[in-house]
Every structure is written in structure tokens, then in C-alpha cells.
Amino acid sequence: MTSPGRIAWARRRAALAKVWREFGRSRSGLVGLAALGGIALLALLAPLWIGEDDLSVIRATGGILAPPSGDYWLGTDHAGRSVLELTIYGTRVSLLVGIAAAVLSVGIGTIVGMLSGHFGRWVSAISVQIGRASCRERV
């Protein structure tokens, strides 16, 4: 006889397979996933090819405000640093903030949903009114 845990995991796997099957049909979704994956990979691997010297204001090797060239694809900034390397390195912070915001919103939504489900009508009514008030267009 199968245990309830195995049944639950089988249902989860089936649901995940259905999600991926539906997602695989969306060309724009796959392109977006590939782009996000590429950007995340670029951000994670940035310290491997962008050294501390490339980010240093004191040891910058480029000319001040140089236009794009073969050495500096996006040009340089006021300190002679590569704008492309600064952008790639800055992607790390942007991804971290985005992931933290997503995790925080899922956590808050889970807590509010659990409270609404447990306490019932009045908590649910209050959370709906707060949601409506926050989504109203401000003039």
C-alpha cells in the first residue's frame, strides 16, 4: 500500500510537469526564461573575469569618458572604468533586490492568506479592503 506522502509527492510531480508543459508552449516565456537565466549566470560569474582593479577608481586604465571602442564596448565613466563591467557587476545587486522582494511578498502573502483562512470572514474582509485601497488609482 502506498503512503500518503508518496501520493502527495506524485501529485506534486504531476502538477510540476503540467506547469512545465504549459510553459514550454509559450515562446515568449521561454525567451524570457533564457534571458533571465543568462543575466543571472552573467551576474554570478562576474567576479571571475571582472577583478577588483577593473572596479577601482584609483587603478582605472581607460581614458576619462572615452566613447565605445573595441576595448570598452560601452565606453568609460568619469574615472576611466568600463561601463560594461560596472553594469555587469551592478546586475548582482539588482538581482538580489528582486529576489528579496519576491521572497518577502510571497512570505507576507502566505501569512495573510493563512490568517484569513484560519480566522475567517473578518480578517478576510479586512485584507480585501486593504488590497482594494492600495490598488486604487490616486489622483
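Predicted model: local features only at pLDDT ≥ 70, side-chain atom pairs only at ≥ 80, totals over all residues.
Residues are numbered from 1 along each chain as its sequence is written, and side-chain values use heavy atoms, with hydrogens and water left out.

**Salt bridges.** I counted 3 salt bridges in the structure. Both arginine 81 and aspartate 77 are buried (buried is under 20% relative accessible area, exposed over 50%, partly exposed in between, with a 1.4 Å probe and protein chains only). Next I examined arginine 25, whose salt bridge to glutamate 22 has its closest N and O atoms 3.0 Å apart. Both residues lie in helix 1, 3 residues apart, about one turn of the helix; helices are DSSP runs of H or I with at least four residues, numbered from the N terminus. Arginine 25 is exposed at 61% relative accessibility, while glutamate 22 is partly exposed at 43%. I also recorded the salt bridge between aspartate 53 and arginine 59, at 2.9 Å from N to O. Aspartate 53 is partly exposed, its relative accessible area being 44%.

**Nonpolar patch.** I then located a nonpolar surface patch of about 550 Å², made by Leu16, Val19, Trp20, Phe23, Leu30 and Leu33. Helix 1 (4-25) and helix 2 (27-49) each give two or more residues to the patch, and helix 1 supplies the largest share, 4 residues. Patch residues have over 30% relative accessible area and no salt bridge, and nonpolar side chains (Val, Leu, Ile, Met, Phe, Trp, Tyr) are joined within 5 Å. Leucine 33, in helix 2, is partly exposed at 39%.

**Aromatic rings.** I found 2 aromatic pairs. Tryptophan 20 and phenylalanine 23 form an edge-to-face pair, 5.8 Å centre to centre with 90° between the planes. Ring centres of a pair lie within 6.5 Å; planes under 30 degrees apart count as stacked, over 60 as edge-to-face and the rest as tilted. Tryptophan 20 is partly exposed, at 48% relative accessible area. Phenylalanine 119 and tryptophan 122 form a tilted pair, at 6.3 Å and 45°.

Note on methods:
Patch = residues over 30% accessible without salt bridge, like charges linked within 9 Å, V, L, I, M, F, W, Y side chains within 5 Å. Areas by Shrake-Rupley, 256 points an atom, 1.4 Å probe, with all protein chains shown as cover. Salt bridge = Lys/Arg side-chain N within 4 Å of Asp/Glu carboxyl O. Phe/Tyr/Trp six-rings, centres within 6.5 Å; stacked < 30°, edge-to-face > 60°.
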